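Here is a short briefing to read alongside the structure.

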Amino acid sequence: MRQRIAIGLLLCCAVAQADDPPAWQADAERLQTLLNRPDANIAAPALDEARAALDLLNKKSTKRDDATLQSERLQLKLREAEILLQNRQDQERNAHLQEQYQRNLLELRYAQTQQTLLQESRRQQQAAKDRESALQTQLEREAQRRQLAEAQLAQLAQERQRAEDIINLALGQFAEVWDDSEGKHLRFGFAPLFGEGETLLPEALLHLKNLAILLQAIPERRYLLLIKPFTGDPGPLTLARLEQLKNTLAENGLSDIQAAYQEAVPEQQIELLLETQVAPAQNPAEAP
Amino acid sequence: MMKYLFTLSLLLLAQPGFAADRAAVSQQIDLQQGRASVLVVALPPTDAAEAPQEQEARRHLQSAQQALLEARTQLTRYDENRAQRAVETARIRLDLVQALVSGRAQRDQYPQLQKQLDDSQQQLQAVKSAISQRDQPAQAAP
């Protein structure tokens, strides 16, 4: 009987010794790990309680019922500590996300403002470019118009010159013809017109008629008959001839002919000057 | 701090050789019962898709309620020590449930926050790339 009791006790001790330490060894390590964490203070009460439970478990005097409770307490408190730490981590992570989100929102608002400004500036740039190209087009059109006008003007001048040349050529049959700044000069000798007398020869009359027709084709001129004065007086013959010439031309449509004396005209010759008018060169092409 | 002191007093009471005070244990049971009913409300009704933390909380809450029942039973049998242990079991479990419940809002918020952040990130990226694309021809022009 005693032997049995002794064996039973020994077994109990053996079981107790073999069983006890590993049962919460893992929990003790878990507790140590948690205590070593830098944020352990967040779960300080739970960890303290877990440590207290471990201390009680380590006491030999603790009863079995109580040991069960303490073991449970140790495990649950460790779990609680883990949860609390996890909660704090979640909270920090969420706060971080929230913060990042706010930063993004700010950045987004900034970027959107930037985008709006960019769009606006681009729109303005485009508008300015459009205006510029419109002006450019207008300028080009005006330059073209001016070029065209100049070309027309040049052509007109050329045509006028050609007309003048033709008239000069025609007038050349009757007289020596040249143009200068004064106007158009026609120079005749008295002899072919009057012979020796003071009356126009018949063929000269026809000649003058044709000349008058030609001269009327030249617009807006003032006619001036020029002769060289004799010393003192031109003489009655010259005056009579001059008078007859004037009358004949007047009869043929060239009215308002003035007579003048000029030194440059040779003896026995007469000059008809078609004076250039004050505004000789009109530019009809320059009108808009 | 109060809770801590309270825990210590409970520890003392749980020590062998100290007879648990009947009135104190009864008070303890009432207190933990109150906490349990608050936590029942704090936990949402059972949902098939609930997180493991909620499942864990629900499990511990149930066993805390059982422990409280057990404590009351033991008290009617005048076994204050067992009643004391049972209420202590309930308290520890309710502590854990409370920790689990208190983290729930943050846990639930997380996916939404993450999505919100991702969305804003995408939006930002879109605007930024729109700006840089528009920027290049404008810089090349002059």
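In what sense do β2(A) and β5(A) pair, and over how many bridges? The pairing of β2(A) with β5(A) is antiparallel and runs over 7 bridges. Please keep in mind that this is a predicted model. The notes below start with the sheet of chain A and then turn to the helices of chain B.

**The sheet of chain A**

- The open sheet has 5 strands, ordered β1-β2-β5-β3-β4 in chain A, and its pairing is mixed.
- The edges are taken by β1 (176-179) and β4 (258-261) of chain A; each has a single partner strand, so one side of each is left without a neighbour in the sheet.
- On average, and ignoring direction, neighbouring strands of this sheet are turned by 25° against each other.
- As background, strands of a sheet pair through backbone hydrogen bonds, either parallel or antiparallel.

**Strand by strand**

- How enclosed is β2(A)? Of its 7 residues, 6 are buried, so β2(A) is largely enclosed by the rest of the structure.
- One opposite pair to look for here is Leu224(A) and Gln258(A), the latter in β4(A).

**Helices on the sheet**

- Helix α5 (residues 202-216) of chain A packs on the sheet and touches β2 (183-189), β3 and β5 (269-275) of chain A.
- The direction of α5(A) makes about 175° with that of β2(A).
- Helix α6 (residues 236-251) of chain A lies across β3, β4 and β5 of chain A, and runs at about 160° to β3(A).

**Chain B at a glance**

- Chain B holds 5 helices and 0 strands, giving the pattern α-α-α-α-α along the sequence.
- Of its 142 residues, 39% count as buried.
- If you take the contacts in chain B between residues at least 6 apart in sequence, 72% of them join residues at least 24 apart.

**Helix packing in chain B**

- Two packed helices are described by the angle between their axes and the distance between the axes.
- For helix α2 (residues 22-42) and helix α3 (residues 52-76) of chain B, that angle is about 155° and the axes are 10 Å apart.
- Angles over 145 degrees count as roughly antiparallel, and α2(B) and α3(B) are therefore roughly antiparallel to each other.
- Their crossing, that of α2(B) and α3(B), is left-handed.
- On the α2(B) side, the residues in contact include Arg22(B), Val25(B), Ile29(B), Ala36(B) and Leu39(B), while those of α3(B) include Leu61(B), Leu68(B), Arg72(B) and Leu75(B).
- By class, the residues of the α2(B) and α3(B) contact split into 9 nonpolar, 4 polar and 3 charged.
- Next along, the axes of α3(B) and helix α4 (residues 80-102) of chain B come within 8 Å and cross at roughly 160°.
- α3(B) and α4(B) are therefore also roughly antiparallel to each other, and the crossing of α3(B) and α4(B) is left-handed.
- The contact of α3(B) with α4(B) is made up of 15 nonpolar, 5 polar and 5 charged residues.

- Where does Tyr78(B) lie? Tyr78(B) is found in the loop between α3 and α4 of chain B.
- Although Tyr78(B) is not a glycine, it has a positive phi of about 60°.
- Is Tyr78(B) buried or exposed? Its relative accessibility is 58%, so Tyr78(B) counts as exposed.
- Tyr78(B) and Arg22(B) are 56 residues apart in sequence, while their C-alpha atoms are 8.1 Å apart in space.
- Arg22(B) is also one of the residues through which α2(B) contacts α3(B).

Definitions and conventions:
Residues numbered from 1 in each chain as written. Chains lettered and ligands numbered in written order. Predicted model: local features only at pLDDT ≥ 70, side-chain atom pairs only at ≥ 80, totals over all residues. Heavy atoms only, no water. Pairing = 2+ DSSP bridges. Helix = DSSP H or I, 4+ residues; strand = E, 2+ residues; numbered from the N terminus. Axes fitted to C-alpha atoms, helices over the stretch in contact; angles between N-to-C directions. Contact = heavy atoms within 4.5 Å. Parallel < 35°, antiparallel > 145°, perpendicular 65-115°, else oblique. Left-handed = near helix turned anticlockwise from the far one by under 90°. Nonpolar A, V, L, I, M, F, W, Y, C, P; charged D, E, K, R; others polar. Buried < 20%, exposed > 50% of the residue type's maximum accessible area, 1.4 Å probe, protein only.
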